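Please consider the structure shown below.

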Amino acid sequence: MPGLESLSLTVLLWIVAVMALAGLVQGALGFGFPFVATPLVAMASDMRTAIIMVLLPTIATNLINTVTGGPLRPVLARLWTMPIYAMVGSFAGTWLFVITPGTPYSLLLALIIIGYLNLDRISRGDWPLVRRHERVFAPLAGVAGGIFEGTVNVAVPPLIIFYLALELTPAMLVQALNICFLVGKSTQFAVLTARGGVTAAQWLSTLPLVLIGMAGFLAGARVRNRIDALRFRVWVKRALLVIALALLAQYAYQQLAGAA
């Protein structure tokens with residue numbers, strides 16, 4: 001991955017704007033940094049570079065989100081196994097990304113999201129079965145989220161689908177997401193460093209992006225405090241649609257770039 005100093009001014013300004021926007025979304029919704037930043041950075045570089053650039057800013061905004069997002073005890077009491085499942089999935093997903101980088105994981109994830117949103121649109125998105133058998137579905141959601149985090153840098157959709165089915169409050173949903181993200185991203189960082197050939201110098205070169213992402217997060221957090229539970233749920237589902245469209249656009253861009 002090239003350092004920031006080697007980028008053209010246009011590309012550098014684009015990446016700075018993307019990090020600020022991703023931080024703003026993360027602050028407003030409580031999640032979303034990688035799904036905004038990864039495809040947009042990849043458009044100006046490549047998928048591997050995008051994942052490396054986005055990783056530390058994502059960890060930083062997830063950490064501050066977890067610390068400031070409210071009490072952790074009730075979340076951990078109910079969902080303490082989810083970070084473990086996310087860690088397992090993230091390890092497997094990052095390993096898959098390293099050995100099979102050309103597999104269209106982003107296309108698969110986009111299709112899963114679109115399928116879920118269409119079920120919800122025709123009033124079949126309310127799944128009492130998931131609420132009755134939470135412990136059965138938890139490992140499926142956690143491992144799936146971790147796998148997609150390791151392959152396309154986006155763990156949100158499987159976890160959100162599961163948490164919405166459980167009808168968690170907005171505060172509890174955000175905390176549950178960010179706990180999984182912290183564990184998953186830390187695992188991704190370890191695997192990329194140990195097996196993916198990412199050096200300490202490359203990680204250090206992304207530290208300025210951490211500051212930009214955190215500045216955007218602080219601005220977005222002011223918006224989240226004004227959102228009621230019903231509106232938050234609507235925003236979350238719209239965010240899922242945006243994720244799906246971004247993943248489809250990213251996949252199409254990569255195919256066109258490969259053909260050229």
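A244 touches A110, I113 and I114 when residues up to four places away in sequence are not counted, contact meaning heavy atoms within 4.5 Å. The model is predicted: local features need pLDDT of at least 70, side-chain atom pairs count only at pLDDT 80 or more, and totals for chains, interfaces and linings use all residues. Residues are numbered from 1 along each chain as its sequence is written, and side-chain values use heavy atoms, with hydrogens and water left out.

A244 belongs to helix α13, residues 229–259; helices (H or I, at least four residues) and strands (E, at least two) are DSSP runs, numbered from the N terminus. With a relative accessibility of 0%, A244 counts as buried. The burial classes are buried under 20% relative accessible area, exposed over 50% and partly exposed in between, computed with a 1.4 Å probe on protein chains only. Between the C-alpha atoms of A244 and L230, which are 14 residues apart along the chain, the separation is 22 Å.

The wider fold gives these residues their setting. The protein chain holds 13 helices and zero strands. Its C-alpha trace spans about 50 × 35 × 35 Å along the principal axes. For 260 residues, a compact globule would have a radius of gyration near 18 Å, and the 17 Å of the protein chain agrees with this; the radius is taken over C-alpha atoms, and the globule rule is 2.2 Å times the number of residues to the power 0.38. Of the 260 residues, 50% count as buried. Among contacts between residues at least 6 apart in sequence, 81% join residues at least 24 apart. The accessible surface comes to about 12000 Å², and 70% of it belongs to carbon and sulfur atoms; areas come from the Shrake-Rupley method with a 1.4 Å probe, and for residues only the protein chains shown count as cover.

Two further residues illustrate the burial classes. Q175, in helix α10, has a relative accessibility of 1% and therefore counts as buried. Leaving aside neighbours within four places in sequence, Q175 is in contact with N65, T66, G69, G70, P71, L72 and V75. L204, in helix α11 (residues 200–204), is exposed, with a relative accessible area of 55%. L204 and L56 lie 148 residues apart in sequence, and their C-alpha atoms are 9.3 Å apart in space.

How much of helix α9 is buried? Eleven of its eleven residues are, so α9 is largely enclosed by the rest of the structure. Among these buried residues are V156, P157, P158, F162, Y163 and L166. E167 follows α9 and lies in the loop between α9 and α10. Although E167 is not a glycine, its phi is positive, at about 60°.

Charged residues provide another view of the chain. The mean positions of the 17 positive and 8 negative charges are 4 Å apart. In this count Lys and Arg are positive and Asp and Glu negative, while His and the chain ends are not counted; the place of a charge is NZ of Lys, CZ of Arg, CG of Asp or CD of Glu. Side chains of opposite charge can pair when their charged atoms come close. A search of the whole structure finds three salt bridges, each defined by a side-chain nitrogen of Lys or Arg within 4 Å of a carboxyl oxygen of Asp or Glu.

R78 is partly exposed, at a relative accessible area of 38%, whereas E134, at 17%, counts as buried.

E167 also takes part in a salt bridge, with R131, the closest N and O atoms being 3.6 Å apart. This pair links distant parts of the chain, 36 residues apart: E167 in the loop between α9 (156–166) and α10 (170–194), and R131 in helix α7 (residues 128–132). R131 is partly exposed, at 29% relative accessibility.

K185 and E149 form a salt bridge as well, their closest N and O atoms being 3.7 Å apart. Here K185 in helix α10 is joined to E149 in helix α8, 36 residues apart. Both K185 and E149 are buried.
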